[in-house]
Amino acid sequence: EREWLMKVAVDPDLCQGHARCWEICPEVFSLDDVGHGTVTVDVVPVGLEAEVAKAVSNCPERAITVS
């Protein structure tokens with residue numbers, strides 16, 4: 001059992017709609033009506049931490065944060 005909950009957020013002011021987050025981890029990210037990334041879960045499911053980390057590192061605008 002993990003000791004902390006991984007939460008992720010997309011800053012809508014920074015996101016430019018490259019959709020890399022959604023392509024990498026569609027279980028956590030979605031796209032809104034204009035193609036900008038959004039988060040679909042409050043807490044990252046166990047086992048998807050690596051995919052979320054990859055999405056963070058692949059965001060050209062650094063619009064994704066993890067806490």
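Is aspartate 11 buried, partly exposed or exposed? Aspartate 11 counts as partly exposed, because its relative accessibility is 30%. This comes from a predicted model. Aspartate 11 sits in the loop between S1 and H1. Threonine 38 is 27 residues away from aspartate 11 along the chain, and their C-alpha atoms are 8.6 Å apart.

**Cavity**

The count comes to one cavity of 30 Å³ or more. The volume of the largest cavity is about 110 Å³. It is lined by 15 residues, and Cys15, His18, Ala19, Cys21 and Cys59 are the closest to its centre. Two elements give two or more residues to this lining: helix H1 (20-24) and helix H2 (49-58). Sorted by class, the lining holds nine nonpolar, four polar and two charged residues.

**Cysteines**

How many disulfides does the model contain? The count is zero. A disulfide is a covalent bond between the sulfur atoms of two cysteines. For cysteine 15, the closest cysteine sulfur belongs to cysteine 21, at 6.3 Å, so the two are too far apart for a bond. Cysteine 59 is in no disulfide either; its nearest cysteine sulfur is that of cysteine 15, 6.4 Å away. Cysteine 15 counts as buried because its relative accessibility is 11%. Cysteine 59 is also buried, at 10% relative accessibility. Both cysteine 15 and cysteine 59 are among the residues closest to the centre of the largest cavity.

**Nonpolar core**

In soluble globular proteins, nonpolar side chains tend to be buried together. Here the largest nonpolar core has 15 residues. Val8, Val28, Phe29, Val44, Val52 and Ile64 touch the most other members. Strand S1 (8-10) and H2 each give two or more residues to this core.

Setting aside neighbours within four places in sequence, phenylalanine 29 contacts Val8, Val10, Cys21, Trp22, Thr38, Val39, Thr40, Val52, Ala55 and Ile64.

Where does isoleucine 64 lie? Isoleucine 64 is in strand S4 (residues 64-66). Isoleucine 64 counts as buried because its relative accessibility is 8%. Not counting residues up to four places away in sequence, isoleucine 64 touches Val8, Ala9, Val10, Cys21, Phe29, Ala55, Val56 and Cys59. Among these partners, Cys21 and Cys59 are also close to the cavity centre, being listed with the closest lining residues. Isoleucine 24 is 40 residues from isoleucine 64 along the chain, with 13 Å between their C-alpha atoms.

Alanine 19 is not a glycine, yet its phi is positive, at about 65°. Alanine 19 is in the loop between S1 and H1. Alanine 19 is buried because its relative accessible area is 15%. Arginine 62 also has a positive phi without being a glycine, at about 55°. Its place is the loop between H2 and S4. Arginine 62 is exposed, with a relative accessible area of 51%.

**Accessibility by residue**

| Residue | Relative accessibility | Class |
|---|---|---|
| Isoleucine 64 | 8% | buried |
| Cysteine 59 | 10% | buried |
| Cysteine 15 | 11% | buried |
| Alanine 19 | 15% | buried |
| Aspartate 11 | 30% | partly exposed |
| Arginine 62 | 51% | exposed |

Note on methods
Residues are numbered from 1 along each chain as its sequence is written. This is a predicted model: local features need pLDDT of at least 70, side-chain atom pairs count only at pLDDT 80 or more; totals for chains, interfaces and linings use all residues. Side-chain values use heavy atoms; hydrogens and water are left out. On a 1 Å grid over the protein atoms alone, a cavity is a set of points where a 1.4 Å probe fits but cannot get out, and a pocket is an open set with protein on both sides within 12 Å along at least five of seven lines; lining residues have an atom within 4 Å of a point. Grid points are joined across faces, edges and corners, and a volume is the space filled by probe spheres set on the points. Helices (H or I, at least four residues) and strands (E, at least two) are DSSP runs, numbered from the N terminus. Ala, Val, Leu, Ile, Met, Phe, Trp, Tyr, Cys and Pro count as nonpolar, Asp, Glu, Lys and Arg as charged, and the others, Gly among them, as polar. A nonpolar core is a set of buried Ala, Val, Leu, Ile, Met, Phe, Trp, Tyr and Cys residues joined through side-chain atoms within 4.5 Å. Buried means under 20% relative accessible area, exposed over 50%, partly exposed in between (1.4 Å probe, protein chains only). Contact means heavy atoms within 4.5 Å. A disulfide is a pair of cysteine sulfur atoms within 2.5 Å.
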